[in-house]
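Please walk through this model with me, from the overall fold down to single residues. The sequence and structure come first.

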Amino acid sequence: MPLGVLPAAVEHLRQADPVLCGVIDSVGPFQPSIEADLWWALVDSIASQQLSIKAAATIVGRVARIGNESGSVDGRPSPETILATDDAVLRECGLSGAKTRYVKDLAAKWLDGTIDEPILRTLPDDDVVERLTQVKGIGRWTAEMALIFSFQRPNVLPVDDLGLRTGVQRAYGLPERPGRAELTEIGEAWRPYRSAATLYLWRSLKNGPA
């Protein structure tokens, strides 16, 4: 069952935090978007950095079509395909020079075993972040998005996410967006379901991660 609708998570959050209880009641039931394919989730994250949702979707769609042209079974380019694709083709899809290098670095590290998905899924959250951030272009925030949406880890709090900080500011009536320390302190009550709390606060803004 998706993180956002786990009965145990919802019940805990309701009991632990009256403010978040109100957020949950306001948002109501919803179905979080889960991307189980870690490889593609990371490609998508790299391609979408610093872009609007519409622009990112267009570029990711173009990159996905490289998979169709290569005969990929699932319609998405494999790491092997990305690595073999000429940089100019990726640039034509809309990737910047830096993002082209990043997705190729991801593909190379995926193929050489630096990013080993079965092993990653056995590791604690912080170790997953450490491994994923070895890839150029993947920072802590991107790794945390993978933990929430691909690994479905229950206790992730992305303190640098603008959407989460804005959601907390509005819900708690704060004069400004909370910093890392304040957000971490507020989120202590949400353990061990900080991912679900994050999903509800995003949803309260009717958006996803910033």
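**A walk through the model**

Gln50 is found in the loop between α3 and α4 (53-69). This is a predicted model, so local features need pLDDT of at least 70, side-chain atom pairs count only at pLDDT 80 or more, and totals for chains, interfaces and linings use all residues. Residues are numbered from 1 along each chain as its sequence is written, and side-chain values use heavy atoms, with hydrogens and water left out.

Stay with Gln50 for a moment. Its phi is near 60°, a positive value in a residue other than glycine. Most residues other than glycine have a negative phi, and most peptide bonds are trans. Gln50 is exposed, with a relative accessible area of 84%. Here buried means under 20% relative accessible area, exposed over 50%, and partly exposed in between, with a 1.4 Å probe and protein chains only.

Gln152 is not a glycine, yet its phi is positive at about 55°. Gln152 is partly exposed, at 32% relative accessible area.

Arg191 and Pro192 are joined by a cis peptide bond, with omega about 0°.

Now step back to the whole chain. The protein chain has 13 helices and zero strands. Helices (H or I, at least four residues) and strands (E, at least two) are DSSP runs, numbered from the N terminus. Along its principal axes, the C-alpha trace spans about 55 × 35 × 30 Å. What radius of gyration would a compact globule with 210 residues have? It would be near 17 Å; the protein chain has 18 Å, which agrees. The radius is taken over C-alpha atoms, and the globule rule is 2.2 Å times the number of residues to the power 0.38.

Buried residues make up 46% of the 210 residues. Contacts can be sorted by sequence separation. Among contacts in the protein chain with a separation of 6 or more, 64% are between residues 24 or more positions apart. Contact means heavy atoms within 4.5 Å.

Next, look at how helices pack. Two packed helices are described by the angle between their axes and the distance between the axes. Axes are lines fitted to C-alpha atoms, for helices over the stretch in contact, and angles run from 0 to 180 degrees between N-to-C directions. Helix α3 (residues 38-48) packs on helix α7 (residues 97-111) at an angle of about 160°, with the axes 9 Å apart. That makes α3 roughly antiparallel to α7. Angles under 35 degrees count as roughly parallel, over 145 as roughly antiparallel, 65 to 115 as roughly perpendicular and the rest as oblique.

Which residues of α3 and α7 meet? From α3 come Leu38, Trp39, Leu42, Val43, Ile46, Ala47 and Ser48. From α7 come Lys99, Tyr102, Val103, Leu106, Ala107 and Trp110. By class, this contact of α3 with α7 has eleven nonpolar, one polar and one charged residues. Ala, Val, Leu, Ile, Met, Phe, Trp, Tyr, Cys and Pro count as nonpolar, Asp, Glu, Lys and Arg as charged, and the others, Gly among them, as polar.

The α11 and α13 pair is set at an angle of about 75°, with axes 8 Å apart. α11 and α13 are therefore roughly perpendicular to each other. Gly163, Leu164, Gly167, Val168 and Ala171 in α11 meet Thr198, Leu201, Trp202 and Ser204 in α13. The residues of this contact of α11 with α13 divide into five nonpolar, four polar and no charged.

Thr100 lies in helix α7. Is Thr100 buried or exposed? Thr100 is buried, with a relative accessible area of 2%. Leaving out residues up to four places away in sequence, Thr100 touches Asp87, Leu90, Arg91 and Leu95. Arg101 also has its place in helix α7. Arg101 is exposed, at 52% relative accessible area.

End in α10 (residues 140-149), where Glu144 lies. Glu144 counts as buried, at 6% relative accessibility. Neighbours within four places in sequence aside, Glu144 is in contact with Val156, Leu157 and Pro158.
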